[in-house]
Amino acid sequence: MLIKRLEQEGSQLILNTSGVICSNTREIVSSNMFEDVISRFAKSLVKHGSPLVENLKLELDKQEHVDQLAAILRTLSVNTVEQLVKLLPGTDHLMNEREALHQLVEELYNFWRGFDRFMVCHSQEGPESHDLRPYRTFNSTIENLGHLIRALYRDICENITGDHPTVYRQVTAGCNVGLIAVDMNWPCPPVYSELLGGIPLIRQILLNPPLIMRPPMNKRTGEFQRVDSNPLEGLSVNKSEWLCYPAQVGPLVVFTYIHQKFIGLGCTMCNLFELATEEQIAKGPDAIFMFGVPPASMVQYGDLPTVFFDDSANGVLTAAIPCEDRFGYFGYIKKMMLTLHNIVMIKRGLMPFHGAMVRIELKNGTAANVLLLGDTATGKSESIEAFRVLGDEQLRQLTIIADDMGTIEVDKEGHLRGYGTEIGAFIRLDDLRSGYAFTQLDRAIFHNPHMVNARVIIPVTTLSEVLRGHKVDYLLYANNYEPVDENHLLIQKMHTVEEALDTFGSGRAMAKGTTTSTGLTQTYFANVFGPTQYQSEHDVLAQKVFKAAFDSGVYVAHMRTRLGIDGFEAKGPEEAAQALFELISGRA
């Protein structure tokens, strides 16, 4: 088995290979990886004081006994217990310890599968590159490894028990995720060539969903800070510990470099952002983001070193976040990438928005493009889900254009057009209709489903819809904090540019536990991801957008989702969605 390195990062195992692995179980038990896993397993048994160690007379704090355990299992892969005791001296006692031996194998199998397992198939650019035949590569590595490990487990168990199982469970026994990473040339500015040159770019990903990951954090803190010094300049890293995910974020390309400590978070990006094409890579990125840099390199940026820099000299934005558990939350990756996107778009004259945009087509023939703006957990994704739930009765088709972030353009005719950034959704499990997440198991990635602010990440749209540019018919503010009464309607129209700028600009929201903020908060345009750092430029764009909205007849209004009010987490978005359906269909 040509595993170049087996790395452990917390509950993650990373297998680095050249793309050629074992072809049978004999090669597995003869490999360095097999011995490495046995050694890690032995340390775990000793650490937890497993009684199996005593029963089997193994002193696993001694290397010779660890080697003996590996030899026992290697022998049992092709021999029965009766044959084992004849072949390996000092194993006679195992004849009377079949049950304990069987339990040991079960625990080893569970130990292995208890890790989040990633295989990185490294390749070189050229006619023999693995990314030119990804299915063959994945089939010969990920799929084959899983098959062989299951076969090895079953062979050993049958040789111990002398019997076959009656139920065969085809669990994911190989790797949960496979990556093909290729060394590629791209127009790297000279100032970054020493740092980034030689770090391979991910070209294809294989998932075995559902994936359940356990990142060290489940909330994000604070804003991303614009700094005057380049966090990447003078940085030195171990390149063998890094991979680059070249992501399409809206129309832009962000080279996102991920340290292996956060490989699970990095792989999660595939459900939100398409990988950049070779043509896009050849042109170079609009932004460069390193997630997991040495903490010592970031101390100059204070207690919350989540920073970005406008490198106008080289025509890119750069960003960095330290390799610390407190930043081990997917929101740090996603939101930094969107921040970089938003800043570039502000510079190009488009107004970024924090919100969701959908095209709603009803069965009565009416349709509308709805843009719902608001802060984190104000009911944007939840309202989309409410639209879908109500769809059995009224909805003909629902097309998601943007789930969390995007941009608004004023076109040549003075109409508003909305664009998205992501092909997926990063949704709180707490706020989804009961059972919905389980209908998405075949493509879902779950993060900490046992914790508050548990998340599911699922694809929800296509890149073509994200980039098409849809005319805006309804521009709504997601109000999650006000109750509904005779003076505060579910959908309440605004009448002037000034009123709209005040409401949208104040960005009021009731915090829902997705960040460390609590209570009623206020954020400039509900968007700390670029607009707050470039407020003067954004003010000009906002004035232009809202004037065009009223001039072109866009319906500008509050939409009271009440998501921040206890007891209305599901009912609030559903009633607001129903009111919007009635408005679109002309019944309101």
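Predicted model: local features only at pLDDT ≥ 70, side-chain atom pairs only at ≥ 80, totals over all residues.
Student: Let's start with the largest pocket. How much space lies in it, in Å³?

Tutor: Good place to begin! The lining of this pocket is made up of 18 residues. The space in the largest pocket comes to about 340 Å³.

Student: Which helices each supply at least two residues of the lining of the largest pocket?

Tutor: Look at the residues that lie nearest the pocket's centre: Glu 106, Tyr 153, Arg 154, Pro 165 and Val 167. By class, the lining has seven nonpolar, five polar and six charged residues. The helices that each give at least two residues to this lining are α6 (98–113) and α7 (134–161).

Student: Which residues of α6 make the contact with α2?

Tutor: From the α2 side come Met 33, Val 37, Ile 38, Arg 40, Phe 41, Ser 44 and Leu 45. Taken by class, this contact has nine nonpolar, one polar and two charged residues. On the α6 side, the residues are Leu 104, Glu 107, Leu 108, Phe 111 and Trp 112.

Student: What is the angle at which α4 and α6 pack?

Tutor: Helix α4 covers residues 63–76, and its axis is 12 Å from that of α6. The pair counts as roughly perpendicular. Their packing angle is about 95°.

Student: How many nonpolar residues does the contact of α4 with α6 have?

Tutor: Let's list both sides. Helix α4 brings Leu 69, Ile 72, Leu 73 and Leu 76, while α6 brings Leu 101, Leu 104, Val 105 and Leu 108. This contact has no polar and no charged residues, and its nonpolar count is eight.

Student: Next, Lys 57. Is it buried or exposed?

Tutor: Lys 57 sits in the loop between α3 (51–55) and α4. Its relative accessible area is 56%. A residue over 50% counts as exposed, so Lys 57 is exposed.

Student: What separates the C-alpha atoms of Lys 57 and Leu 94, in Å?

Tutor: Along the chain, these two are 37 residues apart. Leaving aside neighbours within four places in sequence, Lys 57 is in contact with His 65 and His 93. The C-alpha atoms of Lys 57 and Leu 94 are separated by 9.2 Å.

Student: Is the peptide bond from Pro 209 to Pro 210 cis or trans?

Tutor: You can find Pro 210 in the loop between β5 (201–207) and β6 (211–213). Omega for the bond from Pro 209 to Pro 210 is near 0°, and the bond is cis.

Student: Is Asn 448 buried or exposed?

Tutor: Asn 448 lies in the loop between β19 (445–447) and β20 (455–459). Its phi is near 45°, a positive value in a residue other than glycine. With a relative accessible area of 3%, under the 20% cut-off, Asn 448 is buried.

Student: And what is the phi of Ala 526?

Tutor: Ala 526 belongs to the loop between β25 (520–522) and α15 (535–551). At 1% relative accessibility, Ala 526 counts as buried. Although Ala 526 is not a glycine, its phi is positive, at about 50°.

Note on methods: Residues numbered from 1 in each chain as written. Heavy atoms only, no water. 1 Å grid on protein atoms, 1.4 Å probe; cavity = no way out; pocket = protein on both sides within 12 Å on 5 of 7 lines; lining within 4 Å. Points joined across faces, edges and corners; volume = space filled by probe spheres on them. Helix = DSSP H or I, 4+ residues; strand = E, 2+ residues; numbered from the N terminus. Nonpolar A, V, L, I, M, F, W, Y, C, P; charged D, E, K, R; others polar. Contact = heavy atoms within 4.5 Å. Axes fitted to C-alpha atoms, helices over the stretch in contact; angles between N-to-C directions. Parallel < 35°, antiparallel > 145°, perpendicular 65-115°, else oblique. Buried < 20%, exposed > 50% of the residue type's maximum accessible area, 1.4 Å probe, protein only.
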